[in-house]
There are 2 protein chains.
Amino acid sequence: MTDQDTRAGTMNGAESLVRTLLASGVDTCFSNPGTSEMHFVAALDHVPGMRSVLALFEGVATGAADGYFRMARKPACTLLHLGPGLANGLANLHNAKKAGSGIVNIVGEHAASHIELDAPLTADIAGIAAPMSHWVHTSESAADVGGDGARAVQAAMTPPGRIATLILPSDTAWNEDGVVAAPVPAPGRAPFDQKAVGKAVAALDGADSLLLLGGAALTEENLQTAGRIAAATGCGLLSEWSNARLERGAGRVFIGKVPYPIDQAVAALEGFRRIVLVGARAPIGFFAYPGKPAVLTRDRAEIIALAGAGDDLTGALDALADGTGARSVAPSGLAAPQDTARPNGAITPETIAAVLARSIPENAIVVDESVTTGRTFLPATAGAAPHSWLNNCGGSIGFGLPVAVGAATACPDRKVLALIGDGSAMYTLQAIWTMAREQQDVTMVIFANRSYAILRGELTNVGVQNPGPRAVDMLSLNRPDLGWIEMARGMGVEGQRVEDAAALEEAILAGLDVDGPYLIEAMM
Amino acid sequence: MTDQDTRAGTMNGAESLVRTLLASGVDTCFSNPGTSEMHFVAALDHVPGMRSVLALFEGVATGAADGYFRMARKPACTLLHLGPGLANGLANLHNAKKAGSGIVNIVGEHAASHIELDAPLTADIAGIAAPMSHWVHTSESAADVGGDGARAVQAAMTPPGRIATLILPSDTAWNEDGVVAAPVPAPGRAPFDQKAVGKAVAALDGADSLLLLGGAALTEENLQTAGRIAAATGCGLLSEWSNARLERGAGRVFIGKVPYPIDQAVAALEGFRRIVLVGARAPIGFFAYPGKPAVLTRDRAEIIALAGAGDDLTGALDALADGTGARSVAPSGLAAPQDTARPNGAITPETIAAVLARSIPENAIVVDESVTTGRTFLPATAGAAPHSWLNNCGGSIGFGLPVAVGAATACPDRKVLALIGDGSAMYTLQAIWTMAREQQDVTMVIFANRSYAILRGELTNVGVQNPGPRAVDMLSLNRPDLGWIEMARGMGVEGQRVEDAAALEEAILAGLDVDGPYLIEAMM
C-alpha cells in the first residue's frame with residue numbers, strides 16, 4: 001500500500017469495500033450498476049486491481065460469477081442495482097447455489113433515510129435475496145462496510161461455496177468513515193463421516209455396489225482414486241446427473257452420469273444394492289411424474305452418506321482407498337485417446353458427439369447447456385483431449401452463455417466451448433456482447449432445434465397424450481425462426497450457420513482458431 | 001358451456017383453472033412454461049377461449065401482462081416455471097406493482113411429495129413471490145385450484161390493480177378433482193376522503209396551489225374535470241413524474257409532470273404552498289443524493305391527500321369541481337392541434353420530440369422508456385393527435401418492449417409506438433420475437449446513445465467529480481456498438497438505422513405504415 005491508501009477517515013465506504021474485497025482475494029467484479037452503486041463504480045478508478053466486467057443484464061453477471069468460481073475456485077463479486085437488479089440475477093444465483101459456487105453479491109440500496117419514502121425503486125432487497133442466498137446482510141454505516149465485506153467473502157468461501165449478499169445503502173457507500181478490513185478466514189472443508197468408513201468399505205464389493213460422486217470429488221486426482229477403488233472392489237462408478245465441474249478426457253478416469261430421464265435413471269440404478277455417496281446426494285427425479293418414482297434407487301438399497309458437498313472429499317476417497325486396499329491398484333475406467341471417424345450427414349446428437357470427440361482441444365473448458373441434444377455427448381467424448389466439463393446443477397435455463405463468460409474471465413489462456421440449446425441461449429443472449437467486449441476466447445455452438453424440445457417429451461411424461469396444436473405451439477420457437485448469426489453480429493460477434501456434421505466440425509475448428517468469440521448456429 | 005364442459009369429477013385441476021380464469025374474465029395468458037406447467041399447456045387445447053402468447057423470457061411475459069392491464073383495464077395471467085421462472089419475471093412485476101397494474105401469475109411448483117426431496121429446481125417460490133406480490137397462495141389440492149384461481153383474479157382486480165401469485169403444485173394440476181369456480185367479485189374503488197373535501201376546496205386558490213394527479217385521475221374525462229378546476233381556481237396542475245397511462249394530445253387537457261432531476265423538481269414545486277393529491281403521492285426524489293432534499297415540496301407546504309390510487313378518483317375530482325364552482329367552467333390547458341415544423345439535422349432530444357409531435361398517429365399507444373432522451377417529449381407533443389402515453393412507474397429498466405407487447409395484445413386495432421433507450425431495450429430484447437410471432441403493430445424506436453447516459457449524470461449527482469476511465473467504461477455500451485437492425489432481423493423483425501431527424505421521421509411513418517412490427521435504430 002502507498003501512504004494514500006492507509007490514510008484514516010478519508011475513505012468512503014465504497015472505497016473501503018473495494019479495498020477489503022481485494023485484500024480478501026476477490027479481484028473480479030461482474031457489474032450492472034445504477035445510481036445507488038455510483039460510488040462503488042467511482043472507487044474502481046481510485047483503487048487499482050479490481051477487474052470489472054460489464055454485463056447488459058444482471059443474469060449475465062450472476063451466471064458469470066458462477067462460471068468464474070467453478071474455474072478459479074474462488075469467488076468473484078457482482079455489482080447489482082437495488083431489488084430489481086438483484087431479482088434479474090436470481091435465476092443464475094439459483095443455479096450457482098445448487099452447484100455449490102461461492103459468490104459475493106454487492107447490491108446497492110437507497111440511503112436509509114430514503115427507504116421509508118417508498119421511492120419507485122424501493123423493494124424488499126433482503127426478502128428478494130433470501131431464497132437464493134446463504135448469507136444476507138445490510139450494512140448500517142460506512143464504518144461497517146469493510147468488515148461486512150470481509151464477512152461476505154468468508155461466507156462465500158465456506159465450502160463448497162455459498163451465495164453471500166451484501167446490501168449497501170448508498171449513504172454507507174458515500175460517507176467518509178470507511179475502514180479497510182482484514183480478511184476473515186473461511187472454515188475449511190468439514191471432516192467426512194469417519195464412523196461410516198467401515199460400513200462404506202464393506203459396502204463397496206462387486207457390481208451391485210456403487211460409488212456415487214459429486215462436486216469436488218470430480219477433480220482429476222480424486223477421480224483417479226475413485227478409479228482405483230472401482231478396480232479393487234468391482235464397484236460401479238457414477239456421478240450425479242449434473243456436475244458443476246468434471247475433469248475428463250483421455251488419460252483420466254471416465255465416469256458416467258445418472259441419466260436425466262426417469263426410466264433410464266431407474267434402469268441405470270436398478271442393479272445397485274449398496275451405494276456410497278461422496279460429495280453426491282442420493283439420486284432423485286428432476287421432476288415428479290404421475291405414476292413414476294421420485295426416488296430413483298431400488299427399494300431398500302442401502303445408502304451410505306460418507307461425505308457431503310462441503311466435506312473433505314479427498315480425505316473420504318483416500319480413506320475408502322485405504323480400506324479397500326486400492327492404493328496400489330491401477331485405476332479402472334481410464335479413458336484411452338480416441339480415434340473417432342469423421343461424421344457425415346445431418347446434425348444429430350450422435351454426429352455432434354462425434355464432432356466433439358474429434359475437436360475438443362486440450363485443456364478446453366466445455367460449458368454444456370445442450371439440454372436434449374447433449375444427452376449422448378459424455379460417453380462419446382470420453383477419450384477426447386483432456387478438458388473440464390461444466391453442467392447446470394440448478395435446472396434454470398439461461399445458464400450457459402453467462403457461465404462461459406465467467407469461465408473465460410477466470411481462465412483467459414484456455415479455450416471455452418459453449419454448447420447451448422437455442423431456447424436456453426435466448427434467455428441470456430446479452431452475454432454475447434460481454435464476450436465481444438472482453439474479447440473472450442469462447443466458441444459457441446447453438447443447437448437450433450427451434451423448440452423447447454425437452455418439453456415435448458415432458459408433455460408425454462406427465463401423461464398428456466396427443467397434445468393439440470395450441471399446446472405444441474407453446475413449445476415451438478419457430479414462427480419466426482431465430483437467426484443466431486444476425487443476433488450475434490448485432491452484438492459484435494461473427495459466426496456461421498452450418499447444416500451438416502462436416503461443416504459443423506470445420507466451423508468449430510475455425511471458431512477455436514479465432515482469438516476471440518465465435519458463434520456457430522447448428523441447424524437440426 | 002357444452003355438456004362436456006360440465007361433467008363433474010372428470011376434469012383435472014389445470015383445466016378447472018383455465019375454465020375458472022375464463023369465467024372470471026381473464027382470457028389472455030403470457031407464457032413461458034416448463035414441465036411443471038404441462039397440464040396447463042395441455043388444457044389450452046381442451047378449453048377454447050384462452051389466448052396464449054409465448055415469451056422467450058419471463059420478464060417479457062410479466063411486462064406484457066403489465067401493458068395489457070394498462071390498456072385492457074383488466075388482468076391477464078402469466079404462466080411461469082417454478083421459482084427461477086418467477087424470479088426472471090420479478091423486475092417487471094415490480095414495475096407493474098408500482099404502476100397499480102393487476103396481474104395473475106400462475107407459477108408451477110413440484111408435486112407436494114417432491115418438494116421435500118430438494119430437487120434441482122426446488123426453491124422457495126412463495127418467498128420469491130412475496131416482495132413483488134400483494135397476494136400469494138399455494139393450492140393444496142386439485143379440488144381447490146378453481147376457487148384459488150377465482151380469488152387470485154379477485155385479488156388482481158382490487159383497485160387500482162394488484163399482483164396476485166398462485167402457486168400450482170403439479171399434482172394439483174394433474175389430479176382429476178378439478179372444479180370450475182364462479183367469479184369472486186373484487187371490491188370497487190374505495191371512497192375518497194370526504195372529510196378532506198372542504199379543506200381541499202379551500203386550498204385550491206391561485207397559482208400557489210397545486211392539484212397533483214396520478215393513476216386513474218389521468219383519463220381523458222378526469223383530466224377535463226381537472227382542467228375546469230384549474231380554470232376556476234387558478235391552481236397549478238401536474239401529474240406524478242411517471243404515469244401508468246396518461247390520455248393526451250390535441251383537444252385534451254395538457255398536464256405537465258414533476259421533473260425527474262431533483263433540482264428541476266424542487267424548482268417546479270417551489271411555488272406551491274398548498275397541494276391537493278388525487279391518485280398521486282406527495283413528490284419525493286427517485287434517489288437520495290448527498291446534500292439534496294428527498295422531499296421535493298417546499299418546507300411546510302400543506303399537503304392534502306384527498307384520494308389514493310385505489311380510491312374513487314372521478315368522485316374526488318367531481319367533488320372538487322362542485323366545491324370550486326368549476327362544473328360549468330371551460331377547462332384550461334386544452335391542447336390545441338400543433339403545426340410543428342419539420343425538423344432537420346442531427347437526432348437530438350429536441351428533434352425527436354418535434355418528429356413525434358408530427359408523427360404520432362391518432363389513437364396511438366406510446367410506450368415511453370426513453371429515459372434521458374425523452375425528458376422533453378411531453379411538452380413538445382402536447383398537441384399531437386390524441387393518444388395514450390405509458391411510462392415506467394417502477395424504475396426497473398427492461399420495461400418498454402414487453403409492455404408494448406402487452407398493449408398491442410390488448411388493443412390490436414391501435415398503433416403502438418415504443419420509444420426505448422438502447423440500454424433499456426437490451427434487458428428484454430426477447431420481446432421483439434414475440435412481436436414478430438404475433439405480428440403486432442409495434443413501431444420501435446431505439447435511441448442508440450450507446451451508454452447508460454442517465455448514469456453519467458448520476459455520477460455527478462452523487463458527488464463524483466471527474467470520473468476516471470474505468471468508471472466511465474462501466475457506463476458505456478460501445479466496445480462493441482450494439483447493432484439493433486441485426487438483432488431485430490435475427491428475431492424476424494425488419495427495420496432501418498437512421499442518422500438524422502428527417503430520416504427518423506420518414507422511418508417512423510414507414511414503420512407505422514407496416515402492418516406488423518418494425519424497428520428503427522436512431523443514432524445519437
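In chain A, seven strands form an open sheet in the order β9-β14-β13-β15-β16-β18-β17, with mixed pairing. Strands pair if DSSP finds at least two bridges between them. Helices (H or I, at least four residues) and strands (E, at least two) are DSSP runs, numbered from the N terminus. The edges are β9 (246-248) and β17 (495-498) of chain A; each has a single partner strand, so one side of each lacks a neighbour in the sheet. The twist from one strand to the next averages 20°.

The model is predicted: local features need pLDDT of at least 70, side-chain atom pairs count only at pLDDT 80 or more, and totals for chains, interfaces and linings use all residues. Residues are numbered from 1 along each chain as its sequence is written, chains are lettered from A and ligands numbered from 1 in the order in which they are written, and side-chain values use heavy atoms, with hydrogens and water left out.

A:Val367 has A:Ala418 of β15(A) as its bridge partner. Helix α22 (residues 501-513) of chain A packs on this sheet. The helix touches β15, β16 (442-448), β17 and β18 (518-523) of chain A, and its direction makes about 170° with that of β18(A). Contact means heavy atoms within 4.5 Å. Axes are lines fitted to C-alpha atoms, for helices over the stretch in contact, and angles run from 0 to 180 degrees between N-to-C directions.

A second open sheet of chain A has six strands in the order β2-β1-β3-β4-β6-β5, with parallel pairing. Its edge strands, β2 (51-54) and β5 (135-138) of chain A, each pair on one side only. Four bridges link β1 (residues 28-32) of chain A to β2(A). A:Ser31 is partnered there by A:Leu54 of β2(A). Helix α16(A) lies across β1 and β2 of chain A, at about 145° to β1(A).

Helix α16 (residues 400-410) of chain A also packs against helix α4 (residues 58-72) of chain A, at about 45° and with the axes 6 Å apart. The contact includes A:Gly63 and A:Tyr68 of α4(A) and A:Val403 and A:Gly406 of α16(A).

The two chains were also compared. A rotation of 180° with 0.0 Å of shift along its axis superposes chain A on chain B (RMSD 0.0 Å). The two copies are thus related as by a two-fold rotation axis. Superposition is by least squares on the C-alpha atoms of residues with pLDDT of at least 70 in both copies.
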